[in-house]
Amino acid sequence: MSRLHSVKLNRDLCVGCTTCIKRCPTEAIRVRNGKAQIAENRCIDCGECIRVCPHHAKSAVMDTLDDLKGTAFNVALAAPSLYAQFGPPATRGMVLAALGLLGFDAVYEVAQGAEIVTASTAAFVQKALEEGRRPLISSACPVVVRLIQMRFPGLVENLVPFDSPMEVTADLARRQLAEKTGLPQEKIGVFFISPCPAKRTAVINPIARASSAVNGVIAISDLYPQILAGLEKMDAKTALQEGERLLTAGSTGVRWAYTGGEAIALHMERYLAVDGIHNVIEILEEVENERLHDVDFIEANACLGGCIGGPLTVANRFSAHARQRAFVSRAPEEARQGPQTAPDLPLESWKELPLPNPAMQLDEDIVQAMQKYEQLKQIVAGLPGLDCGACGAPDCEALAEDIVRGEAAETDCIFKLKERIRAVAAVMSDLGEEMNRYAPNREEDPHDTP
Amino acid sequence: MTFSIDGSDFIHAGEASSGAKKALTKLGVKAPVVKRAAIAMYEAELNTVIHAGGGSAEVDIYPDHVLIRVTDHGPGIPDVRLAMQEGWSTAPEAAREMGFGAGMGLPNIKKQSDELLIETEPGRGTTVTIRINFTV
């Protein structure tokens, strides 16, 4: 299991098919010895492999409620997408109350942090546009940030340089709860209830900050049955009282759960909202080629539908979208304790931009890299070009790259292997004939008696 | 590396520059330089699609610079000095309707490149050679 990522393989379930290697947006997976392998330096935790594996061999490595034992006072941070998992008669407040019942001493809405990020982003974008810097790209989706670090390093400067709503809410909760309880920070446990594994990776390997304010990340799908049970048991009085007490965010933050929500919150005309990792790649290509002249802000979500489409959600993303819209329309636009009362404003911007990830580079030295590239092109020319994936690499070019890097052999290609076998067979048969010609006596041949 | 560029195909326009961009990234060329090369090549590629029914692109990579040569057999550029002015455009209506042909092509190429050579002959075609150095 990787220390840097949150996607793992169950070797017993993996049959070594080509489904995941074909869908991985960073070509991070290879099938070797009949089992999938993920290259750590290339994985961006998008969860596509979890989603597409027909044998359910890929899963997320997440924290559990057992991890609450390490800390005296525990806080749950509810992702905006949590609400959409539950339908009427559940209200937002009831979902939060039911979450609290699982052993948490406090519950916070990450939608509140989203509102703080929105307020800071609005001011930042305004200033950046005046300076002629556009388009700005949201940094809320950690998968998109890691994608940019690896495949579009030139766009790191376009990222909105603020922490994610998860971190902002965690900072806020830590400050408020330390004040309220008098406990030292190390006794406060902060747990994010997440729609995706990438958020756990963002905690163990933070983006643009030294350490995360979050202790653990628990999958929405893991808590779903217990929250549902809590909702079914909840009496009307608790539902009303507790529910009201826990609400801190308005529609602005709740809307962040689906694609477009973050952009709408900014009240900007010239925005673009894109979802699905492969669609995001297309748009980033356009940004890099400077083709998007009429867009000021890009909201990019790795998952189709936005966070409600996360790989660790339960509800179908279309029904989740309909439910979340209902939660949005029932919430007041202005938050109860959103940006107005937040002590964090304006948010401090990142001290350092995320560094480019050189995982795609063939060699550190450009001359060496050029030689390898030359070799790579020659190898590709000799491969069948069917991109069948039978070698374990996603396409012929990726196999050629693996060969150049010394991680695969040309005979991993079954067509190349057949060619070689045929050649060897021809030599063998020639050899056999030769032996017969010059040493006929050794063979028992009835037609050839001395 | 040689790429062929399909004529009047706006859907696939940009494939050559995308390919070159991928190659430069694999070689470890720094992001801002890759970006300049990609933009310059994309504009040149698009010019062949808009004006000349396609062409071809050749990319030669050296340890410290890249040479991009985009060639077409189109109508040629009657007045290079005029074409280098921002906003000057002879793009056909079809291209403009799609948001191309705003007269920024050659000026933008010039802006991105360290050296630019335009060889053109009316009725015979145009070759645009772009040099981009790797040292920033």
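These legends walk you through several close-up views of a predicted model.

Local features are described only where pLDDT is at least 70, side-chain atom pairs count only at pLDDT 80 or more, and totals for chains, interfaces and linings use all residues. Residues are numbered from 1 along each chain as its sequence is written, chains are lettered from A and ligands numbered from 1 in the order in which they are written, and side-chain values use heavy atoms, with hydrogens and water left out.

**View 1. Chain A is divided into three parts: domain 1 (7–60), domain 2 (65–341) and domain 3 (363–435).** These bounds come from an automatic or database domain assignment. Taken over C-alpha atoms, the centres of domain 1 of chain A and domain 2 of chain A are 26 Å apart. Their contact (heavy atoms within 4.5 Å) takes 13 residues from domain 1 of chain A and 16 residues from domain 2 of chain A.

**View 2. Here is the interface of domain 1 of chain A and domain 2 of chain A, with about 1,200 Å² buried between them.** Buried area is the accessible area (1.4 Å probe) that two parts lose on being put together, summed over both. Of this area, 69% is on carbon and sulfur atoms. Four residue pairs are in polar contact across the interface, both residues at pLDDT 80 or more. A polar contact is a pair of N or O atoms within 3.5 Å; within protein, one must be able to donate a hydrogen and the other to accept it, and residues adjacent in sequence count only if both atoms are side-chain atoms. On the side of domain 1 of chain A that touches domain 2 of chain A, helix H2 (residues 48–52) of chain A gives the most, with three residues. Helices (H or I, at least four residues) and strands (E, at least two) are DSSP runs, numbered from the N terminus.

**View 3. Chain B meets chain A, with 20 residues of chain B in contact with 18 residues of chain A.** Together the two chains bury about 1,800 Å², 60% of it on carbon and sulfur atoms. Lys26(B), Leu27(B) and Lys35(B) supply 35% of the area that chain B buries against chain A, more than any other three residues. Between the chains there are four salt bridges, each a side-chain nitrogen of Lys or Arg within 4 Å of a carboxyl oxygen of Asp or Glu. Look for the salt bridge of Glu397(A) with Lys26(B), whose closest N and O atoms are 3.4 Å apart. Helix H1 (15–26) and helix H2 (31–52) of chain B are the elements that give two or more residues to the side of chain B that touches chain A.

**View 4. Three strands of chain A form an open sheet in the order S7-S11-S10, with parallel pairing.** Strand S7 (136–137) and strand S10 (271–275) of chain A stand at the edges with a single partner strand each, so one side of each is left without a neighbour in the sheet. Two strands pair if DSSP finds at least two bridges between them. S7(A) and strand S11 (residues 297–301) of chain A are joined by two bridges, and Leu136(A) has Phe297(A) as its bridge partner.

**View 5. Strands S2(A) and S3(A) form a hairpin with two residues between them.** Strand S2 (residues 29–32) and strand S3 (residues 35–38) of chain A run antiparallel and are joined by four bridges. Ile29(A) stands opposite Ile38(A), while Asn33(A) in the turn has a positive phi of about 50 degrees.
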